[in-house]
Amino acid sequence: MSDWRFHLRDAKGTLSAAAVFVLLFALYTLNHPAGFSANVVQTAANKGVLLAFVAVGQTFVVLTAGIDLSVGAIFILANCLASVLVTGTPAHVALGLAAVLAAGLACGLANGALVVYGRLQPIVATIASGAIYFGLALWLRPEPGGDVDSTLADALTGQLAGGLPASVLVLAAVLLLVWVPFRRSLLGRAVYAVGSAEASAYLSGLPIRRARLLAYALAGLFSALGGLMLAFFTYSGEASATNASTYTLDSIAAIVIGGVSLFGGAGSAVGAVFGALIFRTINDLLFVFDLDPLWQPLFLGLVLLGAVSLGSLRLLRLKNRLELFGS
Amino acid sequence: MTPPLLSLSGIAKRYGATRALDGVDLALHPGRIHAVLGENGAGKSSLIKCMAGVVQPDAGTMTLDGTPVRFADPAAANAAGIVCVFQELSLIPDLSVADNILAADPPRRFGLIDRREQRHRAEELLARAGAEDIHPLALVRDLPLSRRQLVEIAKALGRRPRLLILDEATSALTARDVASVFRVLKDLRRQGLALVFISHRMGEIAELADDCSVFRNGRNVATFPAGTRSDGEVVEMMIGRDYSHAYPAKPPPVPEATPPALAVRDLGWGDRLHGLSFAVRPGEVVGLGGLDGQGQRELLLALFGVLRGTSGEVRVDGRPVALASPADAKAARNGIALIPEDRKTEGLMLPMSVRENLSFASLGRVSRGGVIDRGAERRAVDEMVQLLAIKAADLDVPVASLSGGNQQKVVLAKWLMTRPRIVLLADPTRGIDVGTKAEIYRLLRRLADEGAAVLLYSTDYAELIGCCDRVLVLYGGRIVRELAGDAITERALVASALNMNGAEAA
């Protein structure tokens with residue numbers, strides 16, 4: 001058999017998510033009063049990129065067959081921290097940026113340590129740590145506010161030459177710098193291996209503890225990147241409990257749509273990005289089609305169920321019922 | 001003889017109250033293949049795990065090249081040149097074959113995995129293991145068990161071992177694959193590697209081994225040059241019982257005129273099963289032979305209602321039946337039981353108790369109005385535990401804590417509790433010790449004597465010869481030969497498995 005069939009198989013989830021996104025986004029802009037314009041794209045991109053960052057973070061953890069329910073809280077904590085620190089002289093701003101990202105990384109590492117060394121179940125560990133992170137955010141920003149450096153914020157959320165939204169470029173650059181080397185590193189392979197068959201990974205001599213730690217740490221880092229971008233969009237921080245839990249749950253929905261397996265071991269961050277963009281576009285579609293807000297959550301739920309069911313369609317074709325139960 | 005590469009002295013390992021290893025001495029020399037024999041639970045697995053760094057011994061010393069060593073994890077043992085091909089495969093299903101073969105130490109450039117070079121090396125290693133037909137980009141999850149075992153061997157070769165341990169590494173291989181693996185092992189011996197070879201197949205040991213060690217109850221009871229003891233003596237050392245009783249005597253053949261319990265006509269399924277027609281009468285043990293993967297498993301699954309979209313006709317006691325699910329197949333009107341191939345995933349709920357596992361298939365019998373009658377359950381379970389002599393400290397311990405042989409007995413007992421009239425077995429003695437095997441053979445014969453129709457798939461020719469009244473040999477999803485009585489010989493089985501005289505059936 002020739003190689004391209006294998007490569008196509010690996011990229012199937014990502015490619016189909018990308019195709020669905022292009023389709024939905026075309027539908028959206030066709031029906032938007034302003035049509036396909038730079039401003040419409042920029043607004044959509046800015047909303048999508050926030051969820052995309054959190055979803056990519058979630059992807060790392062889900063690849064290990066874990067789950068991180070604190071990504072939303074880290075996202076909000078980073079947002080509040082940025083509203084305090086990313087301001088003042090350029091040196092202050094730079095230091096502030098580094099501090100926000102370091103805080104996200106530290107939150108993720110703490111989650112990883114709880115799971116790896118504390119041997120806690122990921123769900124419980126991250127619910128608990130998420131509550132703590134949110135508490136910190138609330139302590140930093142009891143009232144919404146802050147004053148984020150607007151020059152930097154405008155540069156990262158505006159339009160580049162040709163109307164390309166800068167936020168998309170930021171996301172692409174970060175993925176290029178982190179995801180591509182991750183996918184080709186030994187630790188990255190170990191992350192997939194842990195999620196696929198942990199005992200086999202251990203017997204193969206793969207560094208499974210470091211792989212898990214890395215996955216949670218990267219989840220923290222990407223959530224913090226998302227929070228930072230939120231601060232750039234709003235020039236401020238807000239400890240919103242609703243946002244924290246919405247982003248956590250939406251991140252899971254996004255990666256499922258993007259073809260990441262909740263059983264671990266399969267999927268890609270690029271797929272997760274398209275999953276996030278699809279999820280946001282559906283939201284926008286409901287808006288342009290003027291659906292009663294009362295019905296929107298219900299409709300989103302149906303879409304999510306539909307997406308998951310599409311992924312399970314192959315089960316109908318299985319002729320050996322034992323394969324229903326995985327391997 | 002050259003000094004040993006690795007020597008063990010006084011190695012001991014306990015798990016709770018169980019003494020798995022009890023003062024083991026063993027010396028492994030470069031350029032020699034050392035066979036380790038013993039019943040399940042004799043300590044072979046623990047021995048391997050200590051050497052490969054999976055567990056750490058409680059006492060004793062291991063010396064490598066004369067220096068004492070201690071391995072904290074498998075990676076440390078690998079680094080010292082000790083590589084193990086585990087019985088429970090160590091492959092990662094969602095990664096490609098090439099990723100798996102060079103899992104822990106892929107070729108890298110600037111710290112990143114060099115995929116082109118990795119693929120190149122994977123192809124080389126697959127070729128060395130005699131598995132050129134496996135594509136390096138295929139996912140391991142898409143490969144059948146026998147191919148996975150070859151990938152596992154290729155993976156071990158890729159770690160440049162000095163001491164290679166093979167734990168039942170040929171158990172799922174076809175005869176042709178075994179031959180090519182053996183060529184590889186002999187090559188490695190010539191290159192000066194030390195090899196440890198664990199197998200329940202005496203023929204393989206006779207062909208390969210230079211030295212043999214027999215383990216019993218966590219001790220190394222004897223080490224001797226290969227070929228200096230007869231098979232009978234070796235088995236005697238392992239179990240302290242007489243080997244000649246391994247297979248129960250066969251009764252006279254069941255008369256042709258007896259109406260069959262199970263009659264299959266023209267059974268087909270996709271491109272895996274084609275026009276299978278045969279009958280099994282009450283009191284008969286019928287074997288399924290042939291090379292691995294010729295449709296034997298699919299046939300058993302089809303008869304148990306697992307496969308969708310089968311064609312042809314199945315009759316139970318003369319009545320045409322449509323088997324829609326395992327629940328349907330095991331229902332009292334059909335009375336079919338399947339002892340599945342993989343006891344750990346398909347046969348048992350490992351963390352649940354022995355008692356719960358035993359009654360799973362017959363909960364309908366021991367409950368009233370949807371509520372389990374604990375008394376009835378206990379009586380039924382106790383009866384089975386006695387019948388099969390299941391050795392468990394307590395029936396409430398997790399079934400995972402039992403030895404492999406006893407786990408398999410639990411699977412058998414679970415299905416016998418449903419009082420089946422048709423018993424299907426998929427390689428029930430794979431990886432099981434000689435003593436338990438003999439018990440299973442006696443049990444099969446007894447079931448047949450009591451009027452059950454038994455259909456037994458086995459990868460072990462000796463088992464088919466010893467146990468079966470008739471053997472159906474499958475090739476490419478078709479029955480190519482039926483052997484009965486004295487015609488069931490190794491020569492006939494091998495010849496028909498390779499379809500050398502298959503013209504009549506094609």
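**Figure 1. V273(A) and its contacts in the predicted model.** Setting aside neighbours within four places in sequence, V273(A) contacts A52(A), A55(A), V56(A) and L171(A). The model is predicted. V273(A) also belongs to the largest nonpolar core, which holds 250 residues. There, V273(A), L77(A), L424(B) and V454(B) touch the most other members. Helix α10 of chain A, residues 208-234, supplies the largest share of this core, with 18 residues.

**Figure 2. Chain A, built from 14 helices and zero strands.** Read along the sequence, the pattern is α-α-α-α-α-α-α-α-α-α-α-α-α-α. The C-alpha atoms of chain A fill a box of roughly 60 × 50 × 40 Å, taken along the principal axes. The radius of gyration is 20 Å; this agrees with the value near 20 Å for a compact globule of 327 residues. Of the 327 residues in chain A, 47% are buried. Take the contacts in chain A between residues at least 6 apart in sequence: 77% join residues at least 24 apart.

**Figure 3. Chain B, with 17 helices and 24 strands.** The radius of gyration of chain B is 24 Å, close to the 23 Å given by the globule rule for 506 residues, so chain B is as compact as a globular protein of that length. Along the principal axes, the C-alpha atoms of chain B fill a box of roughly 70 × 50 × 45 Å. Buried residues account for 50% of the 506 residues in chain B. Among contacts in chain B between residues at least 6 apart in sequence, 68% link residues at least 24 apart.

**Figure 4. The contact between chain B and chain A.** Chain B gives 27 residues to the contact and chain A gives 26 residues. On the side of chain B that touches chain A, α2 (74-79) and β8 (112-113) of chain B are the elements that give two or more residues. α2(B) gives the most, with three residues. By type, the residues on this side of chain B are 17 nonpolar, six polar and four charged.

**Figure 5. A389(B), in a loop of chain B.** The loop runs between α13 (374-388) and α14 (404-416) of chain B. A389(B) has 11 other C-beta atoms within 10 Å. A residue counts as exposed with 12 or fewer, so A389(B) is exposed. R272(B) is 117 residues from A389(B) along the chain. The C-alpha atoms of A389(B) and R272(B) are separated by 38 Å.

Technical notes. Residues numbered from 1 in each chain as written. Chains lettered and ligands numbered in written order. Predicted model: local features only at pLDDT ≥ 70, side-chain atom pairs only at ≥ 80, totals over all residues. Helix = DSSP H or I, 4+ residues; strand = E, 2+ residues; numbered from the N terminus. Buried ≥ 20, exposed ≤ 12 C-beta atoms within 10 Å, placed from the backbone. Contact = placed C-beta atoms within 7 Å. Nonpolar A, V, L, I, M, F, W, Y, C, P; charged D, E, K, R; others polar. Rg over C-alpha atoms; globule rule 2.2 N^0.38 Å. Core = buried A, V, L, I, M, F, W, Y, C linked by C-beta atoms within 7 Å.
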